[in-house]
Structures are given as C-alpha cells and as structure tokens.
Amino acid sequence: MRYFYKITALLMIILTLTGCLPAQNTIDNPDFTALTDELFRSEANSDSLTLNYTLSHPENYGITELPKGFQSFSYDDLASNGPALENLLATVESYDTDSLSLKQQILQDVLCDSLRTDIQGTKFAAFSGALGPTTGIQAQLPVLLAEFRIGDAADLEQYFSLLTSVPDYFQSLLALEQKKSELGTLSCRASLGRIISQCREFLQSGGFSVLTTTFGKKIAAAQFLSEKEKTDSLSRHDDCIRQYLTPAYQNLADGLTKLLPLATDNGSLSSRPEGTSYYSHLVKRMTGSSLPVDELESIMKEKLDTAQETLMAYAKKDPSLFSTCQSYVGKYPSTDSILTALQKRMTSDFPEMADSSYEIKYVDEALEDYLSPAFYLTPPLDDSRANVIYINNSNRFDASSLFNTLAHEGYPGHLYQTCYMYGKKLPLLRYLLDYGGYTEGWATYAELYSYKYTGVSRDETGILRNNMAVSLCLYGLCDIGVHARGWDREKLLSFLNQYGSWSRETADSIYDAVSDEPASYLKYTAGYLEFTRLKDKMKEKLGDSYSEKIFHTYVLDMGPASFDILEKYIQRYGEL
C-alpha cells in the first residue's frame with residue numbers, strides 16, 4: 001500500500017481572479033498557475049508532517065513560515081467548510097479552458113472533480129476520523145516519525161513541534177469520536193477495541209524504542225549540530241516521548257475505552273444514520289470511479305465468475321499447473337534480486353523513467369501486528385531518489401508472495417509510478433491531489449501484470465493472475481456486502497462458502513478488516529478493474545497501432561485522476 005500520510009486539510013484559500021489571459025495550449029496561463037501554486041503551498045504547509053514528506057527544501061517553493069506540528073480540528077470545522085470549497089470551485093471553473101495549456105486543462109478537470117467530491121463529503125462530517133486499526137494515524141505515526149527527514153536545524157525543530165503537538169491533536173481526534181457517539185456514527189465495538197489494544201500493547205512493548213533508535217542515528221549524522229547540541233537533542237527527545245507521546249497514546253486509549261459501551265457490534269455502515277449514502281460517497285472518493293455501487297458489484301461478480309471458470313479450464317487441462325505455477329518462489333535470494341529482475345524485464349512494456357533508488361527497511365517487531373504486509377513511502381517532490389519500501393515480517397503474512405508484493409510496492413508499481421510522475425514536471429498541485437483508486441489500482445494492475453516476469457509458462461501465469469483476480473473480487477464483494485447490504489458475519493461466511501471452503505476464523509478476519517476500513521479494498525479491486533476497462537477503450541481507439549507500452553505511457557503521463565477524466569483524455573490521445 002502506498003503510505004503518504006496527509007492530514008485532511010480542506011482547501012481554504014480563494015484568490016482574487018484578475019482575468020484569464022488568452023494563451024495557446026502550449027503556454028501556461030500565469031493567473032491559473034498563481035492560483036494553483038498558492039493552493040499547493042497552503043496544502044503542503046498545512047502541518048509539519050505533510051510538509052516534511054512533500055518538500056525537502058520548502059524555501060525553494062516560497063514557503064518560509066513553517067507550521068507548528070499537527071493542526072487540531074473539530075467536528076464544526078469539518079462540517080462548515082462547504083461554502084469556502086464552493087467558492088473555490090467557482091473560481092477554478094471560471095477560467096476559460098481555451099486560455100489554459102493542456103496540462104492546466106487536465107489540472108482544472110482534476111481539481112474541480114476533487115473539490116466536488118470534497119463538497120459532497122462535508123455532508124458526511126459525522127463519519128470523519130483519522131483513527132483505524134491499520135491505516136489510522138495512531139498506527140502509522142511511529143513509522144512516519146521514524147522516517148521524518150532531519151537535514152537542518154529547521155527540520156529538527158519541525159520534528160520536535162510534531163512531538164509536542166501530538167497530545168492536542170489526539171485529543172481533537174478523541175473529541176471527534178465522542179461527537180460521533182452522539183450522532184450514531186461511531187465505529188463498531190470490535191474496531192474500537194482493536195485500536196485500544198493496539199495503543200496499550202504499543203505502550204507496554206516499548207514501541208517508541210524505534211523512534212529513539214532512528215532519532216539517535218539521525219542526530220549522530222547531523223553535521224549542523226555541535227556535540228553539545230547533539231547531546232541536548234537526544235535528551236530533549238527522551239523528554240518529549242515521556243511528556244507528550246506516551247501520555248497522548250494513554251489518553252487516547254482511555255478515552256476510547258469510555259466510548260466502548262456506546263458502540264454497537266454491527267460493523268456495517270448501513271446500520272448508521274445516512275450510512276448507505278455515505279458509503280456510496282466513500283466508494284466514489286476512494287476508487288475514483290463514477291460507477292454506482294450496484295454496478296461495481298455486478299462487474300466484480302462477472303469478473304469473479306469469469307476468473308473461476310478460467311481456473312477450472314486450466315485444472316481440466318493440466319491439474320499439475322497449480323503446483324508448478326509457484327516454481328518461481330525461492331528463485332530470488334533477496335528483495336534486491338527481485339527488484340532488479342523486475343526493472344530489467346519490464347522495459348519492453350513500460351516507458352523509461354529517470355534513475356531511481358530505494359532502500360528496503362523492515363517493520364519494527366513492536367509494530368508488526370498493526371501494519372500492512374508491505375508499504376511504500378513516497379519521497380519529497382524535490383528529492384525523488386529517497387524511496388523507502390517497508391516489509392513486514394510478521395508471521396501473519398505469506399512470505400512466498402514477496403515477488404508480487406515488491407512488484408506492487410516497487411517496479412512497476414508505486415515506486416515506479418511515483419518517480420515517473422515526478423519526472424513529468426506536472427503542475428505542483430497535481431502531486432497533492434490524492435486519487436487512491438488510481439494509485440492502488442495501478443499498483444494492483446502492475447502486480448498482476450508482473451506475473452509475466454516470473455519466468456513461469458503462459459498457462460501458469462494465467463493461473464496466478466486469475467487466482468489473484470478471484471481474491472480481489474471476493475474481498476471487494478465482501479466490502480460491499482457488509483457496508484451496502486448489511487451482511488453480518490454469518491452472511492459473509494455463507495457468501496464465501498459459495499466459492500470454496502472457508503473457515504470461520506478467516507471469514508471473521510475478513511469481516512473485521514472491511515469493518516475497520518470501509519471501501520479500502522475497493523481501491524484495489526475497482527481500481528484494477530477500471531484500468532482494464534481503460535485498456536479496452538485504448539484498444540478500441542488505436543486499433544492495430546495499440547501496444548501495451550502505449551497504454552502504460554498514456555496512463556502514467558496523465559497521472560492520478562478519476563477514471564472518467566482518464567477516459568475523457570483517451571479521445572485526445574496524442575496531445576499529451
């Protein structure tokens with residue numbers, strides 16, 4: 001999964017429109033550039049964590065006044081942002097398309113789409129929150145702080161401002177959960193319990209030790225500090241963990257524990273007031289697809305049936321293929337050997353990109369139970385070589401899937417897509433407009449595509465791809481079943497057993513996962529299926545001149561966007 005944590009900060013700046021200057025499609029409109037660059041600076045500078053992960057040298061982008069840690073917020077803040085967003089949308093829409101360069105036209109489309117989604121989201125402020133057993137800020141924060149770059153004295157102060165602001169920020173998150181308990185939108189008891197247990201176990205296991213270790217290494221390498229300043233910084237860090245981080249996690253756990261009696265056992269959004277409408281909005285926001293939930297469900301069922309029929313045909317042809325298709329596992333002695341092989345073998349199917357580098361790291365044992373099997377941390381815009389892929393060695397995850405996991409996180413997945421996009425020099429704001437369906441859909445598409453590079457036969461590749469398609473669709477349908485159809489644990493198990501023999505334990509783990517992170521699986525499943533639909537559109541457009549490399553280049557050149565926008569510009573293929 002792609003982990004670029006960005007505090008939800010709704011765009012608030014409305015610049016005075018000074019007139020749309022006529023321009024050719026190859027020439028940027030300076031007024032529009034001024035507007036969108038100012039929006040970029042505002043969003044990038046919304047809090048210290050976002051800024052550090054966005055820019056290594058913010059001063060080069062006109063950012064001189066730095067934030068003070070995390071920005072606390074309230075339910076009223078979230079619910080009252082509609083008018084400001086509507087004003088901003090009107091401003092962006094007022095620019096005549098013909099006055100914008102092609103890149104600006106695409107940005108205008110993407111920004112307007114994003115703003116319309118955000119405006120709709122203000123109606124569902126009662127469902128807002130940043131807590132969750134896997135992708136919640138309380139789970140991600142230790143790793144994000146461990147990876148915080150400290151290149152100068154300003155970075156060091158930004159880091160300390162984050163540590164000291166955590167209690168107030170967590171308190172605002174807790175206050176939001178308390179408001180949700182009043183509105184009937186609180187997460188189910190099991191999800192809250194997992195967050196509470198996570199916080200308590202993290203405190204008891206000394207989970208902050210990873211911060212102490214990584215901070216010590218950074219300070220030791222900090223040439224801008226004297227020896228005394230290094231010693232003082234280490235002492236200050238210990239004090240911050242004791243005075244701010246530890247109490248913040250303790251207070252969060254205690255506060256959520258008080259809310260437990262107010263939570264229900266039902267993990268379905270459909271059981272909450274306006275929950276079904278919210279789920280429809282969430283699916284659109286998470287996937288970037290405009291298809292209604294019912295239609296997505298139908299497409300997934302069709303893909304599931306087709307994939308299963310294909311697997312049965314392979315089994316009838318040669319049952320031994322189902323064991324030999326795994327022969328590639330173990331052929332690569334290290335993560336580097338896998339990533340090297342992927343980079344070499346993908347060149348005929350994907351466009352070239354600027355040189356990239358990466359570092360493989362492993363999740364600290366204290367965090368293994370809470371984080372995903374692997375994740376990629378995006379580098380700053382002005383330091384695209386600082387890529388990090390984390391691998392979780394927890395026994396919960398299948399180590400034999402490392403090849404396709406690294407294809408998802410590395411090449412031709414997240415790392416490749418991100419570095420390629422950075423090299424395209426898109427308008428700055430494009431890099432902060434998040435479309436999870438595009439990024440996770442691309443990485444999932446790349447993961448399935450990568451089976452071509454394992455060295456197994458064509459039939460064995462077909463088995464691997466269709467088997468993964470079955471898993472994707474099953475999980476996606478479970479997500480829809482729970483949140484749109486109100487499935488309980490029994491119904492989910494019954495559904496799964498239509499497609500094989502599933503244990504109660506596995507079914508319960510799926511129910512818990514989709515309850516914890518509504519629509520999260522759909523980023524992968526719907527995103528992947530939308531990319532296959534786009535490929536069909538491109539084949540139809542180009543006919544005999546179509547190639548995989550042409551399609552991949554088009555998608556990557558466009559960058560993150562909704563699938564409607566990606567499809568729209570297929571008709572203008574050749575201009576990009």
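Analyst: Let us begin with K425, which is found in the loop between α16 and α17. Helices (H or I, at least four residues) and strands (E, at least two) are DSSP runs, numbered from the N terminus. This is a predicted model, in which local features need pLDDT of at least 70 and side-chain atom pairs count only at pLDDT 80 or more, while totals for chains, interfaces and linings use all residues. Residues are numbered from 1 along each chain as its sequence is written, and side-chain values use heavy atoms, with hydrogens and water left out.

User: Where is a cis peptide bond found?

Analyst: A cis bond joins Y411 and P412, with omega about 5°. P412 is placed in the loop between α15 and α16.

User: How many residues of helix α15 are buried?

Analyst: Seven of the eight residues of α15 (residues 402-409) are buried, and the helix is mostly covered. The buried residues include F403, L406 and H408. To see what covers them, one uses contacts, meaning heavy atoms within 4.5 Å. The buried residues of α15 pack against α14 (335-345), β2 (374-377), β3 (387-391), α16 (414-423), α17 and α21.

User: How is an aromatic pair read?

Analyst: A pair of aromatic rings is described by the distance of the centres and the angle of the planes. Rings of Phe, Tyr and Trp (its six-membered ring) pair if their centres lie within 6.5 Å; planes under 30 degrees apart count as stacked, over 60 as edge-to-face and the rest as tilted. By this rule the count comes to 36 aromatic pairs. One of them, Y438 with F531, is edge-to-face, at 5.6 Å between centres and 65° between planes. This pair links distant parts of the chain, 93 residues apart: Y438 belongs to helix α17 (residues 436-450) and F531 to helix α21 (residues 520-542). Both Y438 and F531 are buried. For Y449 and Y453, the centres are 6.1 Å apart and the planes stand at 55°, so this pair is tilted. Y449 counts as buried because its relative accessibility is 6%, and Y453 because its value is 5%.

User: Which cluster do the ring pairs build?

Analyst: Ring pairs link a cluster whose members include F350, Y416, W442, Y445, F551 and F563, together with Y438, F531, Y449 and Y453.

User: What may be said of the protein chain as a whole?

Analyst: The protein chain has 23 helices and three strands. Of its 576 residues, 55% count as buried. The radius of gyration is taken over C-alpha atoms, and the globule rule is 2.2 Å times the number of residues to the power 0.38. For 576 residues a compact globule would have a value near 25 Å, so the 24 Å of the protein chain agrees. Along its principal axes, the C-alpha trace spans about 70 × 60 × 50 Å.

Notes:
Buried < 20%, exposed > 50% of the residue type's maximum accessible area, 1.4 Å probe, protein only.
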